[in-house]
Amino acid sequence: MIGCQELNYSTGGKRILDRVSASAPSGAITALVGPNGAGKSTLLAMLGRMLVPDSGMIRLGGENAAALARAAFARRVTTLRQATRITPRLTVRDLVGFGRYPHNPGHLTAADRKIVDACLQDLALSDLAERHLDTLSGGQQQRALIAMALAQETEVLLLDEPLNNLDLTHARRVMQILAQRSRSGRTVVTVLHDLTIAARFADHVIAVKDGQVLNEGAPATVFTPEVLSQLYDAQVEVHLIDGKPVILPI
Ligand SMILES: Nc1ncnc2c1ncn2[C@@H]1O[C@H](COP(=O)(O)OP(=O)(O)OP(=O)(O)O)[C@@H](O)[C@H]1O
Ligand SMILES: [Mg+2]
């Protein structure tokens, strides 16, 4: 699991996170939802130690994350940020190979290369493996970044809007892969704007508004018209199809 207690963070004279306490369980997908500017990326970056809170604590398993050495933390937690700039002259295979760096800096072993191949295949990138990143479409680049994140095989995966630019088939594929990873005991935390996808795949939901946790719990308790209308300051309808919520703005 990964979680936080009483996180506070201000920047530019503005309170961005306000006493945020939340927890993402192991063996589950946690969806981080909420309106633009709510603080989701800030919270995710803090869980991944990319940003340091003004106060509060991050817990990784039973440990205080801040007490772990950076390299040890990198072997346990992967963060894929929202706007990741690509290095154009790298090939897709090079990029995914970098995912193995925390485990084997400087060289890839045969086992690493096998993991890279499997991640390329999982993201339907095998045929594009030798292409330079700047020759790829937006969705293909995004899939390469996800493959790099998956190649790290860490116990915790923090993903900020991983479905950006992905078509329906690839979005579903990515969520299925994340579900597989979670079933094997890993902790997946992902920012999602598509609430119907979140309702379908997430086991746990953290709803953030104005830098605070508005609601946290099972999808059925967070994805209600009442909570969502408050979260987005908009009228929202929730319909059940096969017992799963489908969320519609009205
Ligand atoms: N360096 C900064 N200076 C001032 N404000 C900042 C800074 N970084 C972030 N913010 C503000 O913090 C708030 C939260 O930003 P954050 O990126 O966490 O939102 P988000 O929930 O991920 O939104 P989105 O859905 O649009 O990605 C926003 O109002 C943003 O403008
Ligand atoms: Mg964001």
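A word on bookkeeping: residues count from 1 along each chain as its sequence is written, while chains are lettered from A and ligands numbered from 1 in the order in which they are written. Because the model is predicted, local features need pLDDT of at least 70 and side-chain atom pairs count only at pLDDT 80 or more, whereas totals for chains, interfaces and linings use all residues, and side-chain values rest on heavy atoms, with hydrogens and water left out.

Start with the ligand. Ligand 1 is surrounded by 14 residues, with Gly37, Gly39, Lys40, Ser41 and Thr42 the closest; a residue is near the ligand if one of its heavy atoms lies within 4 Å of it. By class, this shell splits into three nonpolar, eight polar and three charged residues. Here Ala, Val, Leu, Ile, Met, Phe, Trp, Tyr, Cys and Pro count as nonpolar, Asp, Glu, Lys and Arg as charged, and the others, Gly among them, as polar. For threonine 42, a side-chain N or O atom sits 2.5 Å from an oxygen atom of ligand 1; for lysine 40 the corresponding distance is 2.8 Å, and for a polar side-chain atom of histidine 193 it is 3.1 Å. On its own, ligand 1 has 640 Å² of accessible area (Shrake-Rupley method, 1.4 Å probe), and the protein covers 62% of that. Strand 2 (14-24) and helix 1 (40-47) are the elements that give two or more residues to the shell, and helix 1 supplies the largest share, three residues. Helices (H or I, at least four residues) and strands (E, at least two) are DSSP runs, numbered from the N terminus.

An automatic or database domain assignment divides the chain into domain 1 (1-76 + 155-224) and domain 2 (84-153). Their C-alpha centres are 23 Å apart. Across the boundary, 17 residues of domain 1 are in contact with 14 residues of domain 2, contact being heavy atoms within 4.5 Å. The two domains bury about 1,300 Å² between them, 60% of it on carbon and sulfur atoms; buried area is the accessible area (1.4 Å probe) that two parts lose on being put together, summed over both. On the domain 1 side, Arg75, His170 and Arg181 lose the most area, together 32% of what that side buries.

Arginine 76 is in the loop between helix 2 (70-74) and strand 6 (77-80). Beyond its neighbours within four places in sequence, arginine 76 touches Leu60, Glu63, Leu68, Thr154, Glu155 and Val156.

Arginine 19, in strand 2, has a positive phi of about 50° although it is not a glycine. Aspartate 210, in the loop between strand 9 (204-209) and strand 10 (212-217), also has a positive phi, near 50°.

Technical notes:
Polar contact = N/O pair within 3.5 Å; in protein donor to acceptor, adjacent residues only side chain to side chain.
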